[in-house]
Amino acid sequence: MFGNVLNNNQIMHLCEKQDLIIEPFDKGKLKLAHYALTPASVLWLGEVNPKGFRQETLRHAFRNGDDYTFASNEYAVVEIQEFIKLRDGLFGHFVPASILIDQGFSITAGKIDPQYGGLKGQRQIIRFGIKNLQDKENILSARQNIAHVYFVDLRGLNNLPNQMTHQEIEFLMSRWPRYVKQQDDGPDYGTGE
């Protein structure tokens, strides 16, 4: 039924039709109404450069299965392994994995809008902010789920047109280089490229 959270069968069907793309797709990560997401790399955020972009440095790549140790109260940006592309009428929402509560991590997550995944023909990389809330070192495992994404299908409903304002488009375009993998960004960290 349109307008509801998609269940696992609906997610599989949309993936088969290429209306929803999740790469790499692992059927074992597909749960009743969400798909589990795992870390690909950890970035450290530095100073803002003259162009207004925050400098980023790769701190750790999970490609070898190595865990990452967060320092006491450390905050970092974590890119995920999975690439997601949505067709018009679908949106996704992220929920932190429950294990982060027990581990003492906080995660900042949001949503992905319809047609997400191919801004200017480039793959967009999904990123979360993760903070170690403990006053001691804390390990983020390469194999653990850090968040889940669930999808809502609004196709077939009487939706009002959703057009971005000129200011919203300018803001989005000013940020897009941060979320796409460029050719000179170094090695593939398991994002399927």
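## Exercises on a predicted protein chain

In the protein chain, the mean confidence is highest in strand β2 (residues 35–37), at 97, and lowest in helix α3 (residues 166–175), at 64; this confidence is pLDDT, the predictor's value for each residue from 0 to 100. Helices (H or I, at least four residues) and strands (E, at least two) are DSSP runs, numbered from the N terminus. The model is predicted: local features need pLDDT of at least 70 and side-chain atom pairs count only at pLDDT 80 or more, while totals for chains, interfaces and linings use all residues. Residues are numbered from 1 along each chain as its sequence is written, and side-chain values use heavy atoms, with hydrogens and water left out.

**Exercise 1. State what the mean pLDDT of the protein chain is, and identify where pLDDT stays under 50.**

Step 1. The mean pLDDT of the chain is 83, and 79% of the residues reach 70 or more.

Step 2. Residues 182–193 stay under 50 in pLDDT; the model has 24 contacts for them beyond four places in sequence, a contact being heavy atoms within 4.5 Å.

Step 3. Where pLDDT is low, the predicted coordinates should not be read in detail.

**Exercise 2. Determine the strand order of the open sheet of 4 strands, and name its edge strands.**

Step 1. Two strands pair if DSSP finds at least two bridges between them.

Step 2. Strand β8 (residues 90–96) and strand β13 (residues 147–153) run antiparallel and are joined by 7 bridges. Within this pairing, Pro96 stands opposite Ala147 in β13.

Step 3. β8 also pairs with strand β10 (residues 111–112) in the antiparallel sense, over 2 bridges; here His93 is opposite Lys111 in β10.

Step 4. β2 and β13 have an antiparallel pairing over 3 bridges, in which Tyr35 faces Val149 in β13.

Step 5. β2 and β10 are the edge strands, each pairing on one side only.

**Exercise 3. Count the aromatic pairs, and describe the cluster that contains Phe70.**

Step 1. Rings of Phe, Tyr and Trp (its six-membered ring) pair if their centres lie within 6.5 Å; planes under 30 degrees apart count as stacked, over 60 as edge-to-face and the rest as tilted. The count by this rule is 4 aromatic pairs.

Step 2. Tyr68 and Phe70 are edge-to-face, at 5.0 Å centre to centre and 85 degrees between the planes.

Step 3. For Phe70 and Phe105, the centres are 5.1 Å apart and the planes stand at 70 degrees, so this pair is edge-to-face. Because Phe70 lies in strand β5 (residues 68–70) and Phe105 in strand β9 (residues 105–108), the pair ties together parts that are 35 residues apart in sequence.

Step 4. Buried means under 20% relative accessible area, exposed over 50%, and partly exposed in between (1.4 Å probe, protein chains only). Tyr68 is buried; Phe70 is buried at 0% relative accessible area, and Phe105 counts as buried at 6%.

**Exercise 4. Identify the buried residues of helix α1 (residues 8–16) and what covers them.**

Step 1. Ile11, Met12, Leu14 and Cys15 are buried in α1.

Step 2. These residues cover an arc of only 165 degrees around the axis, which puts them on the same side of α1; the arc is that of the directions from the helix axis to the C-beta atoms.

Step 3. The face turned away from the buried side of α1 carries the exposed residues Asn9 and Glu16.

Step 4. The cover over the buried residues of α1 includes β1 (20–23), β8 and β13.
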